[in-house]
Amino acid sequence: MLSSAQLVALTTDQAAKLTTDQVKALTVTQIAKLETADLAKLGTSHIQALSTASVAALTADQFKSLASNQLNALTSSQVKALTTDQVIGLSTDQAAALTTDQVKALAVSSVAAMGSNQINAMTTSQVGALTAAQLKGLTTDTLAAMGTTQVAALTTGQVASLTVASVGAMTST
């Protein structure tokens with residue numbers, strides 16, 4: 001197993017050559033010290049090998065450095081472990097890259113913290129995957145800022161779960 005000092009000393013090319021077992025063996029502390037360039041070089045199988053605690057330990061900058069294919073590799077359990085800061089830090093491209101299963105797995109508090117630009121970047125399938133609890137967590141300002149494509153993607157059940165004020169906020173734009 002690599003020590004923290006050895007891990008930090010790795011070049012980006014060396015980090016890219018870590019095996020899945022080596023990544024799996026990294027501690028939460030080591031993962032938090034991994035340079036963003038090194039993290040960006042890890043393959044999707046490496047990302048899936050991270051424990052939920054390791055995923056939660058990624059800094060916002062580390063998480064922001066993940067490419068779409070790495071983000072897509074996150075399991076539902078890993079997505080459930082994401083912190084609000086990590087989700088807030090998603091670029092619009094990263095928000096749009098989430099799978100529908102990943103959207104469903106996001107914590108209500110994380111979805112509630114998302115900006116309207118992130119919600120508007122979501123595909124119609126992603127918006128349709130939002131749970132009633134996730135939708136209820138969105139502020140009326142965020143709901144009001146939803147684009148017509150996103151509002152049209154809401155199911156009858158999703159709309160029925162919203163308060164009158166929330167529905168009114170969406171229709172007033």
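Tutor: Accessible areas here come from the Shrake-Rupley method with a 1.4 Å probe, and for residues only the protein chains shown count as cover. By that method the accessible surface of the protein chain comes to about 7,900 Å², of which 54% belongs to carbon and sulfur atoms. This is a predicted model, in which local features need pLDDT of at least 70 and side-chain atom pairs count only at pLDDT 80 or more, while totals for chains, interfaces and linings use all residues. Residues are numbered from 1 along each chain as its sequence is written, and side-chain values use heavy atoms, with hydrogens and water left out.

Student: What makes a stretch of the protein chain count as one of its helices?

Tutor: A helix is a DSSP run of H or I with at least four residues, a strand is a run of E with at least two, and both are numbered from the N terminus. The protein chain has 21 helices and zero strands. Its C-alpha trace spans about 55 × 20 × 20 Å along the principal axes.

Student: Why is Ser110 called buried?

Tutor: Buried means under 20% relative accessible area, exposed means over 50%, and partly exposed lies in between, with a 1.4 Å probe and protein chains only. Ser110 has a relative accessible area of 2%, so this residue is buried. Ser110 lies in helix H14, residues 108-113. Leaving aside neighbours within four places in sequence, Ser110 is in contact (heavy atoms within 4.5 Å) with Leu82, Thr83, Thr84 and Val87.

Student: Why is Gln158 called buried, and which residues is Gln158 in contact with?

Tutor: With a relative accessible area of 4%, Gln158 falls under the cut-off and is therefore buried. Gln158 has its place in helix H20, residues 156-160, and, sequence neighbours within four places aside, its contacts include Val127, Gly128 and Leu135.

Student: How do you know that Gln158 and Thr155 make a polar contact?

Tutor: A polar contact is a pair of N or O atoms within 3.5 Å; within protein, one must be able to donate a hydrogen and the other to accept it, and residues adjacent in sequence count only if both atoms are side-chain atoms. Here the backbone nitrogen of Thr155 lies 2.7 Å from a polar atom of the Gln158 side chain.

Student: What makes a set of residues a nonpolar core?

Tutor: Its members are buried Ala, Val, Leu, Ile, Met, Phe, Trp, Tyr and Cys residues joined through side-chain atoms within 4.5 Å. The largest such core has 42 residues, of which Ile47, Phe63, Leu106 and Met114 touch the most other members.
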